[in-house]
Amino acid sequence: MEESWRILEFYSGIGGMRYSLMRAGIRGVVVEAFDINDKANDVYEHNFGHRPFQGNIQTLTAIDLDKYGAHAWLLSPPCQPYTRQGLQKGSADARAVSFIKILELIPHMLHPPLLLFMENVVGFETSNTHKQMIKVLTRVGFVTQEYILSPLQFKVPYSRPRYFCLAKRKPLSFQHPSCNNQLLRTPPSHLTSSSTIPKDRHHFSDGQEEFGISCEPIRNFLEAQTSYNPQPEYAGVSFCLKCNVCPANCEKNTDDALVNSGAPQDIENTNIRTGNIVEEVEGAKEDKIALDKYAVPISSIERWGNAMDIVYPDSKRCCCFTKSYYRYVKGTGSLLATSESINSKPAKKLEISSLKELCLRFFTPREAFDNSMPCWGIV
């Protein structure tokens, strides 16, 4: 059996990178995670049974990092220095200092990582921090491939372009070397033998029209089973309903605790999925009550109805969720119309009275998380 990759997860948050790592089926073990936010670390510990290192990572030394013997680093540094709505101070922003410090430690390590995977907001690729990163990685012998990708390109109905940098230290190499040292808007898995690398490196295509990709409808990512969400699906794979993360062969699984997206379900005679547990159909009322807390207040509809982004279970795209989601309805993410008599008429053409009839609700945290963390698989 091949040795498992030893992995360090910097800026771990609630564990999005680790979650994707698990879903991608990578044989690896996260030997340490780092995050300064105690609340995020509480969630991370709950999810994975391990509490991240909570000290200031700027105090780490090359010797400290060598002790972990990590083959790969996952990094998701603060994006505020590079956002379009921010001050765009780049490296001059105090929140960028820790990432720069980590990069500067790599040349001083006896055993630097073999692989790096870094993600950030669109805008990072034009920053001076990006220039510093590429300079350090090149000096240490890394080859990079950079992408701006959206979940839409992976059939996930979520519009959120992000910057990704993959780096491998020589003599390791990429499966698609023609993409080395370039910034692309298309993952290698979508390129064909007749495809060429776009000459306009600043052109963005979500890949749907160009490659004929059709996203899964939003209904396939909803938690609660209703008349318009007949079967939870995810790429035709069976998953454990006890943890909702690991594959069907998980040791926590039993035959009657599996759901297979390829098998038809009879809602009258089967169990339904609500979060991490399985309840009998007669418990559906409890499920509805649980979702009531995500209902959009009528007062918000009356005030902001024409400015809200409303999607339907059959929609194949929704807007990016921000940290102000649940607090505000304007510009923070899409809202879901749940009325059983709904149609897909553009919400902006509906009167306020009609909007009230849509039974609007926020997406649940799990729905938002599943939509925003697809398994990229682009290496």
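Contact, as I use it in these notes, means heavy atoms within 4.5 Å.

**Getting my bearings**

I am looking at a predicted model, where local features need pLDDT of at least 70, side-chain atom pairs count only at pLDDT 80 or more, and totals for chains, interfaces and linings use all residues. Residues are numbered from 1 along each chain as its sequence is written, and side-chain values use heavy atoms, with hydrogens and water left out.

I looked up the overall make-up and found 10 helices and 14 strands. Helices (H or I, at least four residues) and strands (E, at least two) are DSSP runs, numbered from the N terminus. The protein has 379 residues, and 50% of them count as buried. For burial I use relative accessible area: buried is under 20%, exposed is over 50%, and partly exposed is in between (1.4 Å probe, protein chains only). I also checked contacts between residues at least 6 apart in sequence: 68% of them join residues at least 24 apart.

**The cores**

Next I went for the nonpolar cores, meaning sets of buried Ala, Val, Leu, Ile, Met, Phe, Trp, Tyr and Cys residues joined through side-chain atoms within 4.5 Å. Which members of the largest core touch the most others? They are Phe10, Trp73 and Met133, out of 33 residues. Two or more residues each come from β1 (5–10), α3 (62–68), β3 (72–75), α4 (97–105), β4 (115–121), α5 (128–139), β5 (142–149) and β6 (162–169). The largest share is that of α4, with 4 residues.

Setting aside its neighbours within four places in sequence, Met133 is in contact with Phe99, Leu103, Met118, Phe124, Tyr163 and Cys165. There is also a second, separate core of 26 residues, and Phe221, Tyr325, Leu355 and Ala368 are included in it.

**β1 and its partners**

I then checked pairing around β1. Two strands pair if DSSP finds at least two bridges between them. β1 and strand β2 (residues 28–34) run parallel, over 6 bridges, and Leu8 sits opposite Glu32 in β2. The chain gets from β1 to β2 through α1, and this β-α-β crossover is right-handed. Right-handed here means that, with the strands pointing away from the viewer, the path from the first strand over the helix to the second runs clockwise. β1 is also parallel to β3, joined by 4 bridges, with Glu9 opposite Leu74 in β3.

Is helix α1 mostly covered or mostly uncovered? It spans residues 16–23 and is mostly covered, with 7 of its 8 residues buried. Among the buried ones are Arg18 and Arg23, along with Met17, Tyr19 and Leu21. After α1 comes Gly25, with a positive phi near 75 degrees.

**Cys79**

Cys79 lies in the loop between β3 and α4. Its relative accessible area is 25%, so Cys79 is partly exposed. Not counting residues up to four places away in sequence, Cys79 touches Asn120 and Val121.

**Leu110**

Where is Leu110? I found it in the loop between α4 and β4. Leu110 is exposed, at a relative accessible area of 73%. Its C-alpha atom is separated by 8.1 Å from that of Ile63, 47 residues apart along the chain.

**Aromatic rings**

I count rings of Phe, Tyr and Trp (its six-membered ring) as a pair if their centres lie within 6.5 Å; planes under 30 degrees apart are stacked, over 60 edge-to-face and the rest tilted. The structure holds 16 such pairs. I picked Tyr325 and Phe362: their ring centres are 5.1 Å apart and their planes are at 85 degrees, so this pair is edge-to-face. It links distant parts of the chain, with Tyr325 in the loop between β12 (310–311) and β13 (335–337) and Phe362 in the loop between β14 (360–361) and α10 (365–372), 37 residues apart. Both Tyr325 and Phe362 are buried.

**A three-stranded sheet**

Last, I traced an open sheet of 3 strands in the order β12-β13-β14, with mixed pairing. β12 and β14 stand at the edges with a single partner strand each, so one side of each has no neighbour in the sheet. β13 and β14 are antiparallel over 2 bridges, and Ala337 has Leu360 in β14 as its bridge partner.
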